[in-house]
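Student: Can we go through this structure together? I'm new to it and will just ask as I go.
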Amino acid sequence: MTIEKNFDEDLGIEFENPLIDEIMRCKNKCIFCFVDQMPKGLRPSLYIKDDDYRLSILEGTYITLTNLQDKDLDRIISMRLSPLYISVHATDGNVRKTMLRNKAAEKIMDRLKFLKENGIFFHTQIVLCPGVNDKDVLERTLEDLFSLYPSMQSIAVVPVGITKYRKGLYPLRRFTQKEAQEITERVEELQRENLKRFGTRLVFVADEFYEIAKKEFPPAETYEDFPQWENGVGMVSLLRDQLTELMNEVPLSLPVKRRVKIATGISAFRFLEKVLSPLRRVENLEFEICPIRNDFFGESVTVAGLVTGRDLVAQLKKRLVDEAHLYNLLVPEVMLKDGKVFLDGLSVQDVEQKLHVKVAVVKIDGRDFLEKILGKDLGVEL
């Protein structure tokens, strides 16, 4: 088929399945796998364990490189498929083999060096598990990855996610506040060293680590161009800085009474209470920040992105009694797939019907957030 088009025009073809064939399934049995910690009854797609380098290129999903055949590596090199997103976790072969429960996992540095030698760039992540790949193992992993710069473009250090559905699985726990403080402080120290060595910080910790540590989030500029945004790295800092800057444009009064409930995860509550406090002075604005406890996955899961529709409905019903129809409910987009469906399959429309409120989905963007709090539908624009 011959298609004539300008270089900047779309191809004009959309495939029902962007991969054309089946997803490459993961053969690892990771000790921290979140899919293994989920209850039954969710959307079927949530139980698929993929480890597909094509999705890494198309959607930025992380791969382990353990499921690649030689022909796959040859294709990555010949087609210059870059940057890849790679789950490293540890560069010590024995530790990584233990974590992924796959003998092929131990040769990670050989694979990464091969990619570097052939001009492939990559972003990496380390899912940190207490007593497994932290401390000395983490130090070695970071130094090994730094040695691969500039092919290695960034590192995200992310705390392991623990749900209440871990019966029979490898014994893992959450990080303590003291441990999280030590990790954030060490990474910040390495960032300063890397700025001198490479001109870039290279390594970043997930926002959740700062929340566990009860530390102030760094300035947004310390995340540079936000290379690990999708990994929950830097979202809070950027939103805070945007909201702080926009507060000068907030009106002193609204034309009519506006009532707003803002749903969020437990971990973001402290941050939102502080950054939105200036809005308490706006006349005719009544708002409440509602931290949703994660009964579905367990209270150790505190991020907004894992709040389910049923937890949202159950807990907000107690806050919206007789005058529910007078309220607007704001829900962050990270709770939803494609802005429409929660993890447990409930849709935005389902929540509206069950709570008798109007639901607005909010982007991780300060301007959009403030306009929806204040009522863009009332003509308020910043």
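Tutor: Start at helix α3: at its start, a side-chain oxygen of Asp92 comes to within 3.0 Å of the backbone nitrogen of Asn94. That is a polar contact, a pair of N or O atoms within 3.5 Å; within protein, one must be able to donate a hydrogen and the other to accept it, and residues adjacent in sequence count only if both atoms are side-chain atoms. Helices here are DSSP runs of H or I with at least four residues, strands are runs of E with at least two, and both are numbered from the N terminus.

Student: Where do these numbers come from?
Tutor: This is a predicted model, where local features need pLDDT of at least 70 and side-chain atom pairs count only at pLDDT 80 or more, while totals for chains, interfaces and linings use all residues. Residues are numbered from 1 along each chain as its sequence is written, and side-chain values use heavy atoms, with hydrogens and water left out.

Student: Back to α3. Which of its residues are buried?
Tutor: In α3, residues 93-100, the buried ones are Gly93, Val95, Arg96, Met99 and Leu100. Seen down the helix axis, they fall within an arc of 160 degrees, so they line one face of α3. The arc is taken from the directions from the helix axis to the C-beta atoms. Buried means under 20% relative accessible area, exposed means over 50%, and partly exposed is in between, with a 1.4 Å probe and protein chains only.

Student: What covers them?
Tutor: The cover includes β1 (84-87), α4 (108-117), β2 (122-128) and α5 (135-146). Just after α3, Arg101 has a positive phi of about 55 degrees.

Student: You mentioned Asp92. What network of salt bridges is it in?
Tutor: Asp92 is linked with Arg140 and Asp144. A salt bridge here is a side-chain nitrogen of Lys or Arg within 4 Å of a carboxyl oxygen of Asp or Glu. Asp144 and Arg140 pair at 3.5 Å, N to O. Both lie in α5, four residues apart, about one turn of the helix.

Student: Why does a spacing of four matter in a helix?
Tutor: An α-helix has 3.6 residues a turn, so residues three or four places apart point the same way.

Student: How many residues of α12 are buried?
Tutor: Seven of its nine residues are buried, so α12 is largely enclosed by the rest of the structure. They are Gly366, Asp368, Phe369, Leu370, Glu371, Ile373 and Leu374. The elements covering them include α8, β5 (253-265), α9, β6 (283-292), β7 (327-332) and β8 (358-362).

Student: What happens at the two ends of α12?
Tutor: At the start, a side-chain oxygen of Asp365 reaches to within 3.2 Å of the backbone nitrogen of Arg367. After the helix comes Gly375, with a positive phi near 105 degrees.

Student: α8 came up as cover. What does Ser237 touch there?
Tutor: Ser237 is in helix α8 and is buried at 0% relative accessibility. Leaving aside neighbours within four places in sequence, Ser237 is in contact (heavy atoms within 4.5 Å) with Phe217, Pro218, Pro219, Ala220 and Tyr223.

Student: New topic: the segment before α1. Is Met38 buried or exposed?
Tutor: Met38, which is in that segment, is buried at 13% relative accessibility. Not counting residues up to four places away in sequence, Met38 touches Leu46, Tyr47 and Phe297.

Student: And Met1?
Tutor: Met1 is also in the segment before α1 (53-59), but Met1 is exposed, at 90% relative accessibility.
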